[in-house]
Amino acid sequence: MNIEALKNEIYKLKREKNALIVAHNYQVDEVQEIADFVGDSFYLSKVCAERPEEVIVFCGVHFMAESAKILSPHKKVLLPEIDAGCPLADMVTAEDVENLKKKYPDYSIVCYINSPASVKAKSDVICTSSNAVKIVREFPNDKIIFLPDKNLGSFVRKQVPEKDIILWEGFCITHYKIKKEDVEKAKSLHPNALVLVHPECRPEVVELADFVGSTKQIIDFATASKEKEFIIGTEMGVLYSLKKLNPDKKFYILHPGMICPNMKKNTLQSVRDALLYERYQIEVEEEIMQGAKRALAKMLEMG
Ligand code: 13P
C-alpha cells in the first residue's frame, strides 16, 4: 500500500472506531503528521487523560502507553509496536525501590515517568522532564531519592540545592552519546547558534547549554526566540516540529547518533494495523495499577 492510501485508511479507521492518535516528538515524521496530538511525555499524558475517545493509539514507547492506560483504565490503549521499549525505564526494578526504601526510610521517591508501572507503584510521585524541578522543589520532604535517570536527577539537584537528593544510576542510551567535545565543536562551527538540550544529557553537556528542557519546551523555546540558529541536543524527531513551526530558522543536531531505535519502530503500517486489529493492547495488573495511578495523579495534581 502506498503512503497516501495508508494515511487514508488510518483516517477512516480512526473515524469508525472513534480513536485518538497521539505521537511523541521522537516519532518518525509521517507518524507525527497523522497524529491528533504531538508532544512530550507530560503533555501527552494529560491529553490522554482528558480526551473523551475510548480508543487511544499511543505512538511512543511502552512506558508512555502504560501511563496512559493507568490514568484511563477504562480506555483501550494500543501501542503499535509491542517491543518499543525504553532501556532507561528498564534500569530500575520494583525490588530495587523496595531495597532503597529499607535503606533510606526517611526519603521520598520521585520517579521519572520513564520507568515501569511496578516501579511507579512503589514511588511517592512521578515527574517528567518538563516538571521534575518543580515536583522535587515542591514535594513536602527535603530528602529525595530520584530515579532512574541520573542525568535528569543531577540537573534537578543543581536547580534545587536546598534538598538532599540521592541519585540512581540509570541513563538514556541515546542522549548519553553526546559528549562535551560535541558541544564545543558545534559551537565553533555555528558561533551564532543557541544550544538547546534535553536534561537526559550528561551534566557536562547540560553545563554548556543555553537552554535545558523537555522536547516540547525545546520546541517552544526555539519557536518563541528571536534568534535564527539553534544546536539541538536531543533525539532528531524534534526536527519535524522545529522546522515546520520555524521555516526561517536553522537547526543543527548535536550528534549524528541522536536516533532512538525504539521510538523509530512505530510506522504508518503499524499504526494502521493497531487500529484495524486493535493491537497491542496495554494491560496493567490491578494492584500495580492502583499504586501507579496514585503516584501519577499526584504529579498531575502538583502540575
Ligand atoms: P520528554 O519529557 O521531552 O517527552 O522526553 C521523554 C524522553 O523519553 C526523552 O528521552
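Predicted model: local features only at pLDDT ≥ 70, side-chain atom pairs only at ≥ 80, totals over all residues.
Student: Which residues surround the ligand?
Tutor: Asp40, Ser41, Asn114, Thr128, Ser129, Ser130, Cys172, His198, Glu200, Ser214 and Thr215.

Student: How does that shell divide into nonpolar, polar and charged?
Tutor: One residue is nonpolar, eight are polar and two are charged.

Student: Which domains give the shell at least three residues each?
Tutor: Domain 2 (89-171) and domain 3 (175-253).

Student: What does the UniProt "binding site" annotation cover?
Tutor: The entry is unreviewed. Its annotation covers His24, Ser41, Tyr112, Ile113, Asn114, Ser129, His198, Pro199, Glu200 and Thr215.

Student: Take His198. Where does it lie?
Tutor: His198 sits in the loop between strand 9 (194-197) and helix 10 (203-207).

Student: Is His198 buried or exposed, and why?
Tutor: Buried, because His198 has 29 C-beta neighbours inside 10 Å. The cut-off for buried is 20 or more.

Student: New topic. What is the strand order in the open sheet of four strands?
Tutor: The order is 2-1-3-4, with parallel pairing.

Student: Which are the edge strands?
Tutor: Strand 2 (37-39) and strand 4 (76-78). Each of them pairs on one side only.

Student: And how are neighbouring strands turned against each other?
Tutor: By 20° on average, ignoring direction.

Student: How many bridges join strand 1 to strand 3?
Tutor: Five. Strand 1 covers residues 19-24, strand 3 covers residues 55-59, and the two run parallel.

Student: What stands opposite Ala19?
Tutor: Val55, in strand 3.

Methods: Residues numbered from 1 in each chain as written. Near = placed C-beta within 6 Å. Nonpolar A, V, L, I, M, F, W, Y, C, P; charged D, E, K, R; others polar. Domains from an automatic or database assignment. Pairing = 2+ DSSP bridges. Axes fitted to C-alpha atoms, helices over the stretch in contact; angles between N-to-C directions. UniProt positions renumbered as here; feature names shortened; annotations may be inferred. Buried ≥ 20, exposed ≤ 12 C-beta atoms within 10 Å, placed from the backbone.
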